Amino acid sequence: MKSLLKLHNICKKYNNINVINNLSFELPNKCIIGLIGENGCGKTTLMKCISQLISFEGNLEWNASKPGKTSYITDVPSFPPYMTGEEFLKFALDVINDNENKYTINEIFEKVNLGIYDKDKLISNYSRGMKQKLAIGMSLLIGSDLLLLDEPTSALDPLARLDILQVIKAQREFCSILISSHDINSISEIVDYVAFMQRGEIIYFNKINDFLKLCEKGLEIDLINEVSFEDLDFLFKYLKKDDIIVDNKKIIINRLLSNKDIVYICRCMVKNDIYYKNFCNKKSINAFLQNINDGENFE
């Protein structure tokens, strides 16, 4: 894993309270990293430290001959409301005055999935998702090496969320992306790595698939017909009664199961004339925290 940026002993205090606590880790190059943690754990503060919008102790080490360019984008980016999207990008180009810019404004709009007619709209008429796209387009314009996205999917409707995630995923070709969220389900489909933050520290960093395995809490099985608790006597040979919940046409097993266990349970159900239409692993941040505290698979 080639690193883009190394963080060394980053500390940030507000009113003598540690918000970022001696934090060190590496951001890989040309990857999407999910920064996961509960509200108030320090995600936004860390992003502002990386983008050097606030002062902090510690240092940033870029894997390059000069410091990389960063773009920090809030959940609701701010723009001059009296400008159109095209006018703003032209203004930004004049301010940047960068002869190395690779893209025309039309190409920027295309790369962030904004339509040709969106160029002429006032930004005040842009939706929240469109403002996110315009901000990402701005990062392409300045040639950012690292894109920092602070809760980009919050308050978006499902279609807008899918749209912005696809736009974000496409930027991996050009830069590394650190995307924060308190909900892993909102970004798990596009991230390569997860950095889990708690009380101002990164307590876990690994590939997304390894993280999701630690989040597994049990199994949900959707049935074709309703069953009662008594219908599941055959499962009590292998599972504790307290591990099983029956809710009309759904069976919930609150226990971590291997793939072999799941296949065996489903076969037993069919043998006992209980038919299912779907099953899925339950995932929970609480399960993840319990697993790493127990020392399971933690590296």
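This is a predicted model: local features need pLDDT of at least 70, side-chain atom pairs count only at pLDDT 80 or more; totals for chains, interfaces and linings use all residues.
Asp 150 is located in strand S6, which comprises residues 146-150. Its side chain makes a polar contact with the side chain of Tyr 72, at 2.8 Å. When neighbours within four places in sequence are left aside, the residues in contact with Asp 150 are Thr 44, Met 47, Tyr 72, Ile 73, Thr 74, Asp 75 and Ser 180.

The nonpolar residues were examined next. In soluble globular proteins, nonpolar side chains tend to be buried together. In the present model, the largest nonpolar core contains 47 residues, of which Leu 134, Ile 136, Ile 179, Phe 211 and Phe 288 touch the most other members. Helix H4 (residues 128-142) supplies the largest share of this core, namely six residues. The surroundings of Ile 136 were listed without counting residues up to four places away in sequence: Ile 136 touches Ile 73, Val 112, Leu 147, Leu 149, Ile 164, Val 167, Ile 168 and Gln 171. A second, separate core is made up of 26 residues, among them Leu 7, Ile 10, Leu 27 and Cys 49.

Strand S1 (residues 3-14) contains Leu 5. The relative accessible area of Leu 5 is 0%, and this residue is therefore classed as buried. Leu 5 and Trp 62 are 57 residues apart along the chain, but their C-alpha atoms are separated by 4.5 Å. Beyond its neighbours within four places in sequence, Leu 5 is in contact with Phe 25, Glu 26, Leu 27, Ile 50, Leu 60, Glu 61, Trp 62 and Leu 146.

Helix H6 spans residues 208-215, and its buried residues are Ile 208, Phe 211, Leu 212, Leu 214 and Cys 215. These residues lie on the same side of H6, because they cover an arc of only 160° around the axis. The exposed residues Asn 209 and Lys 213 are carried by the face turned away from the buried side.

Technical notes. Residues are numbered from 1 along each chain as its sequence is written. Side-chain values use heavy atoms; hydrogens and water are left out. Buried means under 20% relative accessible area, exposed over 50%, partly exposed in between (1.4 Å probe, protein chains only). Helices (H or I, at least four residues) and strands (E, at least two) are DSSP runs, numbered from the N terminus. The arc is that of the directions from the helix axis to the C-beta atoms. A polar contact is a pair of N or O atoms within 3.5 Å; within protein, one must be able to donate a hydrogen and the other to accept it, and residues adjacent in sequence count only if both atoms are side-chain atoms. Contact means heavy atoms within 4.5 Å. A nonpolar core is a set of buried Ala, Val, Leu, Ile, Met, Phe, Trp, Tyr and Cys residues joined through side-chain atoms within 4.5 Å.
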